[in-house]
Amino acid sequence: MTSAAVSSRDLPHPTREEIRLEGVLHALSDPMRMQIVRELAAVGDELSCSHFDLPVTKSTTTHHFRVLRESGVLQQVYRGTAKMNGLRKDDLDGLFPGLLDRLLDAATRQAARLGGA
C-alpha cells in the first residue's frame with residue numbers, strides 16, 4: 001500500500017490517495033504520538049527525531065514515528081544524518097478538512113483540563 005523505497009535512506013510513505021481516515025485516527029489515538037504531532041504543529045516546521053524528549057525507550061519512540069509516517073500523518077526525510085519530521089497538513093486538510101485542527105484543539109483543551117502541557 002505504500003510506495004517502495006528508492007534507497008536505504010528513503011522512507012516509504014503512503015501517497016495522498018492511500019491515506020485512510022481510520023489509519024490517521026489510530027495513529028493519533030496514542031498520547032505519545034499526539035504529543036509529537038502537537039509539537040510539530042506548534043512549531044510549524046520540521047523537527048528532528050532527537051528534538052523530542054518522550055518518556056519511552058528509543059525503540060518505542062521509533063515505533064511511534066513509524067506509525068505516524070505509515071498512516072500519512074508525518075513526512076520523514078533524512079537531512080544529513082538527521083531524520084526530519086514534518087506534518088502532512090496540506091494532505092490531511094485536503095482529505096479531511098478541519099480534522100487535524102479540531103483534534104489538535106481538543107488535545108490542547110484536554111491537556112489544560114488534566115494539568116498537562
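Two strands count as paired if DSSP finds at least two bridges between them. Helices (H or I, at least four residues) and strands (E, at least two) are DSSP runs, numbered from the N terminus.

Before the details, the ground rules. This is a predicted model, in which local features need pLDDT of at least 70 and side-chain atom pairs count only at pLDDT 80 or more, while totals for chains, interfaces and linings use all residues. Residues are numbered from 1 along each chain as its sequence is written, and side-chain values use heavy atoms, with hydrogens and water left out.

The sheet, then. It is open, has 3 strands in the order β1-β3-β2, and its pairing is antiparallel. β1 (47-48) and β2 (74-79) are at the edges with a single partner strand each, so one side of each has no neighbour in the sheet. β2 pairs with β3, residues 82-87, over 6 bridges in the antiparallel sense. For L74, the bridge partner in β3 is L87.

Across β2 and β3 lies helix α3, residues 58-71, at about 115° to β2. Angles here run from 0 to 180 degrees between N-to-C directions, and axes are lines fitted to C-alpha atoms, for helices over the stretch in contact.

Now the helix pair. α1 (residues 21-28) packs with α5 (residues 99-114) at about 20°, the axes being 12 Å apart. The two are therefore roughly parallel, the term for angles under 35 degrees. Which residues of α1 meet α5? L21, V24, L25 and L28 do, and on the α5 side they meet L99, L100 and L103, contact meaning heavy atoms within 4.5 Å.

Notes
Angles under 35 degrees count as roughly parallel, over 145 as roughly antiparallel, 65 to 115 as roughly perpendicular and the rest as oblique.
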